[in-house]
Amino acid sequence: MNARFGFSTLHSAAVIADAPHPEPVVRLRNFVRRFGPNTIIDGLNLEIAPGEFIALLGRSGSGKTTLLRTLAGLDEVRGQDVEVPGSRAVVFQDARLLPWKPVWKNVALGLSGDNARDRAEAALKEVGLGHRLDAWPLTLSGGEAQRVALARALVREPKLLLLDEPFAALDALTRYRMHDLVLSLWRKHRPAVLLVTHDVEEAIALADRVLVLDKGRIVAQERITAPRGERASFAQRLREKLLSHLGGDDHGDGVVPFPIAEAAE
Ligand SMILES: Nc1ncnc2c1ncn2[C@@H]1O[C@H](COP(=O)(O)OP(=O)(O)OP(=O)(O)O)[C@@H](O)[C@H]1O
Ligand SMILES: [Mg+2]
């Protein structure tokens, strides 16, 4: 444990045996995903609590997007023990907007009811784009397009928000602004979040829990209890620790079980 640093390494269920166990919104048990002869996810267990913010790190090709696609319901998981909420939304690295529809219609896509435009407008205002309702997607900057994608995800008030490297293509300053935006939206709407990222600093700055995926399993997880904005004092130490797992160091049998924990903030 590193309690005085504001984070703790979860080695077993006993670590937080006394913590309350809210009913998880996501539960995977012994999940396996193969492509032909290649086993990408190999007996993975994962629970995510309501409102919990999780960051998922892992080397390129380790299966992060594969896992996210499963949670999004984009891939077939017949015969597997996978529980996800009905209401979930995904934001990918590219905003994937329909170029022939104005911004507000991209956000309102699939919404039913007379108030679809009003709901889209409210969501776009939340991401600071209330003035671009009728703009065409191709006239947006990368950061603006990602904000539209966030608005499109949040307008449905999902219980689970899946983010696959949503800030990777943005410049550093825009990325920091997006961090603030995502946190403020998360605080307001309280979805559970799974953020896939290659950026260890981003993971430490945003998440309640950071997971490292390697060889088809979660090989490390760190729970961060310090408030966001007060993590600088231990960030370097935690960063080194996470990087050592990402670098594939030998950590014994290395596989971490998944006790569920309540969101910290
Ligand atoms: N539909 C598919 N068919 C065959 N192989 C696939 C398919 N989708 C993913 N894979 C393989 O599964 C492995 C994991 O891919 P995945 O996209 O999940 O990795 P990732 O961790 O998201 O990587 P990155 O960080 O580069 O985005 C890769 O070897 C990839 O080639
Ligand atoms: Mg990926």
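In what order do the 7 strands of the open sheet follow one another? Keep in mind that you're looking at a predicted model, then color the strands and read across: S1-S10-S9-S4-S8-S7-S6, with mixed pairing. At the edges you'll find S1 (7-9) and S6, each with a single partner strand, so one side of each has no neighbour in the sheet. Between neighbouring strands the turn is 20° on average, ignoring direction.

Strand S10 (residues 217-224) runs antiparallel to S1, and 3 bridges join the two. Select Thr 9 and you'll see Glu 222 of S10 opposite.

Next stop: helix H1 (residues 64-72). H1 lies across S4 (53-58), S6, S7, S8 (192-196) and S9 (209-214), and runs at about 155° to S7.

Stay there and show ligand 1. Which element gives the largest share of its shell? That's H1, with 3 residues. The residues surrounding ligand 1 include Phe 35, Ile 40, Gly 58, Lys 64, Thr 65 and Thr 66. By class, the shell has 2 nonpolar, 7 polar and 1 charged residues.

Last, pick helix H4 (residues 142-154), which reaches 18 Å from first C-alpha to last. Is H4 mostly covered or mostly open? Covered: 10 of its 13 residues are buried, among them Arg 147 and Arg 152. To see what covers them, show elements including S6 (88-91), H3 (116-126) and H5 (172-189).

Key
Residues are numbered from 1 along each chain as its sequence is written. Chains are lettered from A and ligands numbered from 1 in the order in which they are written. This is a predicted model: local features need pLDDT of at least 70, side-chain atom pairs count only at pLDDT 80 or more; totals for chains, interfaces and linings use all residues. A residue is near a molecule or strand if its C-beta atom, placed from the backbone, lies within 6 Å of it. Helices (H or I, at least four residues) and strands (E, at least two) are DSSP runs, numbered from the N terminus. Ala, Val, Leu, Ile, Met, Phe, Trp, Tyr, Cys and Pro count as nonpolar, Asp, Glu, Lys and Arg as charged, and the others, Gly among them, as polar. The expected span of a helix is 1.5 Å times one less than its number of residues. A residue is buried if 20 or more other C-beta atoms lie within 10 Å of its own, exposed if 12 or fewer, and partly exposed in between; C-beta atoms are placed from the backbone. Two residues are in contact if their C-beta atoms, placed from the backbone, lie within 7 Å. Two strands pair if DSSP finds at least two bridges between them. Axes are lines fitted to C-alpha atoms, for helices over the stretch in contact, and angles run from 0 to 180 degrees between N-to-C directions.
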